Amino acid sequence: MIPRRIQASLIHLSCCIVVAALAMAIIFPVWHPGAIAPLQGVSRLVLILIAVDVVLGPVMTLIIFSPGKALRLLKLDLAIIATLQLSALAYGLITIFLARPVYVVFNVDRFTIVTAAEIVEDSLDRAADPAYRSLPLGRPQVVAARLPEDPEERSDLMFESLDGGADVYQYPEHFVAYAEDAPAAAARARPLDDLKWRNDMTDAQWQDFLDALGSPAPSLAFLPVEGNARDGVAIIDRSSGRLLGIHAIYPVWK
């Protein structure tokens with residue numbers, strides 16, 4: 001027969017796994033879908049979060065659980081453990097939420113993944129399009145950013161960026177729907193074949209990659225994607241510029 005303290009620890013572990021699964025169902029498919037997760041490097045933070053939630057809690061239950069302990073004291077100990085776990089989980093989720101990607105922004109010759117923390121807040125109020133006056137709560141949206149038409153404003157923004165400040169892709173007031181700039185993206189895109197030598201792919205690996213894309217290589221092109229942890233590529237339709245997907249393989253920079 002399994003000792004009661006081990007039973008209690010296993011029950012605690014089961015509850016923690018359910019909670020962790022629910023958290024990951026939000027973190028990855030919603031806030032960091034597809035290749036955005038490795039490009040942003042969120043997996044390490046999630047692993048720490050899961051380790052605290054799934055490992056430490058049940059271990060602490062195993063240590064403190066004693067059948068001979070008074071029920072009142074046992075409930076108090078378990079309540080303290082649960083409170084610590086939930087506090088750590090809430091802190092981790094809030095941290096990930098505040099740093100979640102909200103936009104994938106096309107700007108001149110690349111896409112940049114922009115997090116909620118990187119957006120210039122007062123620019124939200126100045127956005128002409130109501131769609132860009134608040135940050136997305138779900139999956140990151142694909143948009144394009146255009147430099148201001150006013151020469152002085154454009155110059156100020158460029159100097160701010162060169163000085164280490166915010167760039168145009170962090171200002172929602174300069175956002176437009178990506179479809180409006182898709183032809184410009186197509187004009188800037190590079191041949192797909194460049195990715196083969198950049199990523200040292202064998203013929204078999206390259207063919208597997210092309211098969212996964214589901215379209216003939218001549219109809220496709222790519223642009224670099226800048227992430228917080230590493231760079232990737234955006235596969236686009238060569239003629240229309242329509243974004244077909246983001247992949248965590250290394251781009252070729254001009």
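Reader: What share of the 254 residues of the protein chain counts as buried?

Author: The share is 41%. Buried means under 20% relative accessible area, exposed over 50%, partly exposed in between (1.4 Å probe, protein chains only). This is a predicted model: local features need pLDDT of at least 70, side-chain atom pairs count only at pLDDT 80 or more, and totals for chains, interfaces and linings use all residues. Residues are numbered from 1 along each chain as its sequence is written, and side-chain values use heavy atoms, leaving out hydrogens and water.

Reader: Why does Glu121 count as exposed?

Author: Glu121 has 65% relative accessibility, so it counts as exposed.

Reader: What makes the protein chain more spread out than a compact globule?

Author: The chain has nine helices and eight strands (DSSP runs: helices H or I, at least four residues; strands E, at least two; numbered from the N terminus). Its radius of gyration is 24 Å, well over the 18 Å that the globule rule gives for 254 residues, so the chain is more spread out than a compact globule. The radius is taken over C-alpha atoms, and the rule is 2.2 Å times the number of residues to the power 0.38. The C-alpha trace spans about 75 × 50 × 30 Å along its principal axes.

Reader: What is the mean pLDDT of the protein chain?

Author: The mean is 90, and 99% of residues reach 70 or more. pLDDT is the predictor's confidence in each residue, from 0 to 100. Among the elements, helix H3 (residues 42–64) has the lowest mean, 83. Strand S2 (residues 110–115) has the highest, 98.
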